[in-house]
Amino acid sequence: MDLLGRFSDELTHLFDDAFGTRWAEIEDILAIAELLRARSVTTRRLADSSGLDRRAISRMVVRLRSDELVTTRPSEADKRAVEVVLTDRGERRADVLRTSLDGFFLASADIAHEISEGLQPASTSPLPREPADAVDLLRRVCEAGVALVNTMPGTATEGQLAARQRAALVQIVSQGGVRPNDLSPALGVSRAGVAYIVDQLCAKGFVSRRRGAVPEDRRAVVLEATTDGVHAVQAVMDGIERQRESLANLFAEVANWHQPVDEAARAGLPANAGG
């Protein structure tokens with residue numbers, strides 16, 4: 001789970017840099033990936049492909065329009081539908097994202113191989129498949145992420161926990177005895193931002209603050225997951241177990257990014273693992 005979390009966090013930061021978002025939700029990334037794939041798509045299709053409701057799609061389109069990345073027009077196929085179209089500036093931003101994704105997947109070969117091998121029994125190592133497009137691979141990684149998030153109890157989904165809050169909760173559960181300042185580097189936010197995230201997790205009943213747990217500093221605050229918090233993360237771990245084969249194959253693709261399939265298969269490793 002730690003490796004999956006690191007991979008997800010780094011991918012989110014890359015997307016944020018390319019599209020000006022701040023810790024984008026997986027569903028937001030899916031919607032924009034669909035737009036990049038089709039270049040012009042109805043808002044209905046964006047909602048269907050991402051799982052976002054129409055109101056969330058409308059907010060996204062308004063933001064993209066204000067950044068001059070998209071424009072809108074009546075759909076030629078259905079005049080009642082609104083079509084979202086990439087502008088020239090949006091196309092350039094899409095090219096930046098594709099280039100960044102290409103470099104990210106190449107640089108992630110080792111961690112992806114470790115994830116794949118950890119999920120798949122050694123006797124049935126998955127045969128890597130070379131994907132054709134970075135955005136398509138991004139889409140499928142995000143779909144797998146949505147499937148895992150949806151394994152959380154209802155109290156932790158349906159908008160109750162934002163992406164950064166989920167990431168913080170996983171870190172608190174997996175590491176135990178985490179101080180608030182320990183969360184800052186992983187979440188990429190200021191101390192004030194961490195304080196807000198912790199406040200939200202405490203208010204929603206997933207985390208509690210405890211003093212006196214550090215002998216050398218009795219005033220130090222330590223974050224501990226509540227029973228509900230542990231159950232939420234355990235549900236994701238159970239989801240990983242149920243989906244281990246498909247996840248192993250997916251990360252084998254990442255590990256094999258831009259490497260000849262036959263050479264990778266003969267070696268039993270991603271061909272770029274050696275540099």
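Predicted model: local features only at pLDDT ≥ 70, side-chain atom pairs only at ≥ 80, totals over all residues.
**Helix H1 and its partners**

Helix H1, which spans residues 2–19, packs against helix H5 (residues 88–107) at an angle of about 155 degrees, the two axes lying 9 Å apart. Because angles over 145 degrees count as roughly antiparallel, H1 is classed as roughly antiparallel to H5, and the crossing of the two helices is right-handed. On the H1 side the contact is made by Phe 7, Glu 10, Leu 11, Leu 14, Phe 15, Ala 18 and Phe 19, while H5 contributes Arg 93, Ala 94, Leu 97, Ser 100, Leu 101, Phe 104 and Phe 105. Sorted by class, these residues comprise eleven nonpolar, one polar and two charged.

H1 also packs against helix H6 (residues 109–119), here at an angle of about 145 degrees and with the axes 10 Å apart; this crossing is left-handed. Leu 3, Leu 4, Arg 6 and Phe 7 of H1 meet Ile 111, Glu 114 and Ile 115 of H6, a set that divides into five nonpolar, no polar and two charged residues.

**Helices H2 and H4**

The axes of helix H2 (residues 26–38) and helix H4 (residues 54–66) come within 11 Å and cross at roughly 60 degrees, which makes H2 oblique to H4. The crossing is right-handed, and the contact joins Asp 28, Ala 31, Ile 32 and Leu 35 of H2 to Ile 57, Met 60, Arg 63 and Leu 64 of H4. Its residues fall into six nonpolar, no polar and two charged.

| Pair | Angle between axes | Axis separation | Handedness |
|---|---|---|---|
| H1 and H5 | about 155 degrees | 9 Å | right-handed |
| H1 and H6 | about 145 degrees | 10 Å | left-handed |
| H2 and H4 | roughly 60 degrees | within 11 Å | right-handed |

**The second largest pocket**

The second largest pocket holds about 790 Å³ of space. It is lined by 37 residues, of which Leu 4, Gly 5, Arg 6, Ser 8 and Asp 9 are the closest to its centre. Several helices each supply at least two residues of this lining, among them H1, H2, helix H7 (134–149) and helix H11 (227–242); H1 gives the most, with eleven residues. By class, the lining has 24 nonpolar, eight polar and five charged residues.

Conventions:
Residues numbered from 1 in each chain as written. Heavy atoms only, no water. Axes fitted to C-alpha atoms, helices over the stretch in contact; angles between N-to-C directions. Helix = DSSP H or I, 4+ residues; strand = E, 2+ residues; numbered from the N terminus. Parallel < 35°, antiparallel > 145°, perpendicular 65-115°, else oblique. Left-handed = near helix turned anticlockwise from the far one by under 90°. Contact = heavy atoms within 4.5 Å. Nonpolar A, V, L, I, M, F, W, Y, C, P; charged D, E, K, R; others polar. 1 Å grid on protein atoms, 1.4 Å probe; cavity = no way out; pocket = protein on both sides within 12 Å on 5 of 7 lines; lining within 4 Å. Points joined across faces, edges and corners; volume = space filled by probe spheres on them.
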